[in-house]
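Dear colleague,

I am passing on the structure we spoke about, and below it you will find my notes on what came out of the analysis. Please read them with the model open beside you.

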Amino acid sequence: MEQLHFHFVGQQTPGDFMPILVGVVGSGNLEVMLEPSADSPECRVDITTSARGFAPIWAAVLQDFHERHGLAGISISINDMGATPAVVSLRLDQAAAELSSGTGITS
Amino acid sequence: MNWEPLLLALFGAAHRVTRDGDLLSGTAEVKGRTVMVVGTTNHAAIGVELALAQARVVLDTAREHPGRPIVLLVDTQGQRLRHRDELLGINRYMAHLGCCIELARRQQHRVIGLVYDQALSGGFITSGLIADACYALPEAEIRVMRLPAMARVTKIDEARLTELSKSNPVFAPGVENFVAMGGIRALWTGDLQAQLIAALDESPTPDQRAADGAARGGRQLAAQVTARVISA
Amino acid sequence: MNRSFAESTARARVAHLLDADSFQEILGPAERVVSPHLALLGVPSSFDDGVVIGSGTLAGQAVLIAAQEGEFMGGGVGEVHGAKLVGLFKRALRLQPAAVIVLAESGGVRLHEANAGLIAVSEVMRALLDARAHGIPVIMLIGGDNGCFGGMGLIARCADHVVMSDIGRLAMSGPEVIESSNGVEEFDSRDRALVWRTTGGKHRFLIGDCDVLVEDDVAAFRSAAIGLLGQSIPLNLATMEAEHALLSDRLTQYGDCRDALDIWRRAGVPDPALVADLEASEMQALKTRKPKELA
Amino acid sequence: MNAPERVWNQQAQSRARRLARAVAALGNGLRGKRLAPEDVTKLLTAVLEPGDRVCLEGNNQKQADFLARALTQLDPAQVHDLHMVQSVLALPEHLDLFELGIASKLDFSFSGPQSARLAKLVSAGQIQIGAIHTYLELFSRYFVDLTPRVSLVCAQSADAHGNLYTGANTEDTPAIVEATAFKSGIVIVQVNELVDAVPRVDIPGDWVDFVILAPKPNLIEPLFTRDPAQISEIQVLMAMMAIKGIYAEYGVQRLNHGIGFDTAAIELLLPTYAESLGLKGKICKHWALNPHPALIPAIEAGWVESVHSFGSELGMENYIKARPDVFFTGADGSMRSNRALCQAAGHYACDMFIGSTLQIDLNGHSSTATLGRIAGFGGAPNMGADARGRRHATPAWLKAGAQARQGRSGVWAMPRGQKLVVQIVETFREHMQPAFVEKLDAWQLAEQAHMEIPPVMIYGDDVTHILTEEGIANLLLCRTDEEREQAIRGVAGYTPVGLARNKRMVENLRDRGVIQRAEDIGVDKRDATRSLLAARTMRDLVRASGGLYDPPKRFRNW
């Protein structure tokens, strides 16, 4: 298991919102939770992953996510059980999509 | 401990508890009170018949002797691992035993569990663990799974599990661990009869185990989480 | 296309089972009430410890609900997971909902916290029976890929009602455990057809361990649950004696059967070999035609 | 001239001697062509000679398992140094022969389940490998320089004349028997039943010498069944990209699919997603394909006009019987498969092959070879190779050829088509193994096992497209080695190969349409859910078949 932390400076501040959770912590899968972190220009990402040694890949996946969405004032928490980058990107995008549609916690 | 010396220690020679296969049942007196003893021996595998037979004893007691205390004597290797038992719905038979004991409790029967030899996983849930309070002898063994098997299933290094088990009561076999977690109210040593008498007098009817686990430091969160859910 | 119950996450099952937007989660993921034990063993936690609990309405009636996430640790019951379930049943005593609904999907005790899990299962059982004794119906819905085994298999049969899909499974020991203890001749866990006709929804329905059999469809589970609201089965000597008689009869009638097909044949099912391919809706007819013989 | 007169029928004389030995050894045990299974050792000892070239029918699916076991029972003092020629090494017995000293040389195509053990025996010097072939290549050599002296084959039933009914899994049998019987060889067959009249004659009786009723029905594997429940969202996404970005783009009418969840996803998206794009009748009408259960919904929805098969698939028998317009079936109603002919069909008459792989390098060479295993590739190289001998034109073939030739002169200026060869892979396999590598493991394996060339499944110059969850690289449009490398890096995602891409060049390739992302072809990733699958479970496939499909019990969960 490994814990990783990243920070990005973005422009898109969603303001206050109900926490969003997508995905589940199962083999090859992960859960992604988005929460508001008021008045911060940052997008903060905290990851707990079962697989060690993939920090550079997480950094690249999150950098691309950040380039797509540029979020700010938000905290992203991830519990991962060995998801591939494709699945990670998909869950992140699903979470971001729920953020813009404002549906809150769903599947 | 063997069931015969155990009964001798608990009730003296005058008890009427007999063994029928792996089933123990019968009445005995303690401090002038008649109690019903029901349980298993010989590291019984709890199959559909044995679960049903124990339920019968409990139901008969509830119907014919309202309020008579029930003492559950536990020595089981767990549920019987057979295709036939699953086919017949062994979980329902075992649940039925649990429900019968619950009914007895609700009808003012005090229910005391005692693990006198071994109590393994599923077989323990609808026997000793459903009592008002469950006790154990120090030499008894209580476990869900041995560490080597646990290591295989969880894919966690056995050495690591062994190391962690020294300081953490949460997963490793052992009666002390179950005491720390609140699942066993106390270990009985010395005069077993005196401790049975005390248990019949003092055991709490409401489920006290999460609070015990918190107080003893073995299970820090259960009581607190439950309370938060209730009050949320 | 319907919304598959088996394919939905616990969270999605709850959202679509209850009246739209009525679900209010208790100790939701943002509260981070997670297992204190998994991290020590180097295993990631889940923000809800694998069980979603809360309140909502079902056909307008207030209910409490819990759903286990089978993908997380096989739905295994650990300290926090179990305590959330216990809390929900105790909360029911206070709120008197029309039912406590449990979407059970679990292999039983979570091995990583085995002792806490075992005790927790027992605590859940007692809390559930307490709620029942207070007249609050408890409804189990079983339709996840991981089935409902071990301690959760016991808990399920302590409820008032059990609803299953035909891909749901309800049993005590997993086939793999039986196979590894007593050999492949005892129970071939790779023979999925055998596994399902021993533990699956159809057998449980025919033998009477499940009250309603539905398709693998969240909407079907929803209507089954609505149909059972407010129907409490009292926990008294009469009901326990009836249960006892039923289980004794079952042993007498079917105790020598080696296969579910034998049981079904003896129970008067005209062509047991065809049962596997029947749809859930067709199963109902089998049972209503032979109400006496079939438990 | 006093040279001795040349004898022109030595092989026939040898055959006659062997048959005479068999008659003597079996005595009353031989009734016509039939003998009891207990006598099989006597028979094999009588007809085999040291050094014989022997074909033991090991197919992709059905196995002459009884005869394989019988062969291992022989006394290596009498029968040794056999040269085994067979397409698939599937059973432990296939390798036991070498450990026991009964056989010493091997020519084959595929050894999936035995590949690790094979590698060990090769490095221990217990097996001398002639060559690893494709199926078609090995069958071809049966008629040139690897003709069997004795063949041990497998059929469903036989009549008293030795006429054979192979059932739906005819597979390799006709190719083997034809090569053996017409070159004075001996054909021995194990059957599951003896009958008065076979339902149809798949192999004429006068090509068959001995028939044995095996104690147990022959082993057969359902290799082509994929449970739709295991198809991931990412595979759905890739299937959408394949359909919209390649199938529709080229109007692919005739094709072969490799085995795997990626291609099963495509099959299950035809009646849903592809239908919604209005592609019905425009793609996927003719197939060279085993009867994949996952194709049932597309067949039922009227997408499929014909399917010719290498072998059959367990559980599909009744469905195939009920759909004779689609499948090739005999007068008895059951399927007639034929691996040799279907391989030829897949090679020459299909416009596209799409399949998965384990590793792709920067030139697009792809291989499933892994260290410590000698597996071979079966039929994939014939499917996944441009048919250089092809002369008939179709729009898909012409379009691919035109893209490869666009703007080129000299020998490239001649109008010609090209087969579409698509590799579909996720950038990471399970356990985060990257599918893209700088150098294939095949190189190291070749060195370890002293192979003359690295075991490449599909050569880079045959690959036209690489499809990952990151996009489609169209290699037909690349004009330099550098472009090709960057096109591949551009779809290699977060693998080390992908992260080392030249971002500017990749964007440039994207502008030119060499690389296409999902959004470039109008595929919305959020639409990629399992609800698009026409069947999400095995049960759904049974339902789609109207109850005709009867999946093996290991695939049932109801």
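**Contacts between the chains**

Chain B and chain D are joined by no contact (two residues being in contact if their C-beta atoms, placed from the backbone, lie within 7 Å), and their closest C-alpha atoms lie 15 Å apart. This is a predicted model, in which local features need pLDDT of at least 70 and side-chain atom pairs count only at pLDDT 80 or more, while totals for chains, interfaces and linings use all residues. Residues are numbered from 1 along each chain as its sequence is written, and chains are lettered from A and ligands numbered from 1 in the order in which they are written.

Chain A and chain B likewise share no contact, their closest C-alpha atoms lying 12 Å apart, whereas chains B and C have the most contacts among the four pairs of chains that touch. Between chains A and C, the contact takes 19 residues from chain A and 18 residues from chain C. On the side of chain A that touches chain C, the elements giving two or more residues are strand 3 (30-36), strand 4 (42-49) and strand 5 (74-80) of chain A, where helices (H or I, at least four residues) and strands (E, at least two) are DSSP runs numbered from the N terminus. Strand 3 of chain A provides the largest share of that side, three residues.

In helix 2 (residues 40-47) of chain D, the buried residues are V40(D), L43(D), L44(D), A46(D) and V47(D); a residue is buried if 20 or more other C-beta atoms lie within 10 Å of its own, exposed if 12 or fewer, and partly exposed in between, with C-beta atoms placed from the backbone. They cover an arc of only 160° around the axis (the arc of the directions from the helix axis to the C-beta atoms), which puts them on the same side of helix 2 of chain D.

The buried residues of helix 2 (residues 85-101) of chain A, among them V87(A), L90(A) and E98(A), pack against strand 2 (20-22), strand 3 and helix 1 (55-69) of chain A together with helix 8 (233-250) of chain D.

**Chain C**

Chain C has 12 helices and seven strands, and its C-alpha trace spans about 55 × 45 × 45 Å along its principal axes. Buried residues make up 64% of its 295 residues, and residues 24 or more positions apart account for 72% of the contacts in chain C with a separation of 6 or more.

With best wishes

Note on methods. Expected span 1.5 Å × (residues − 1).
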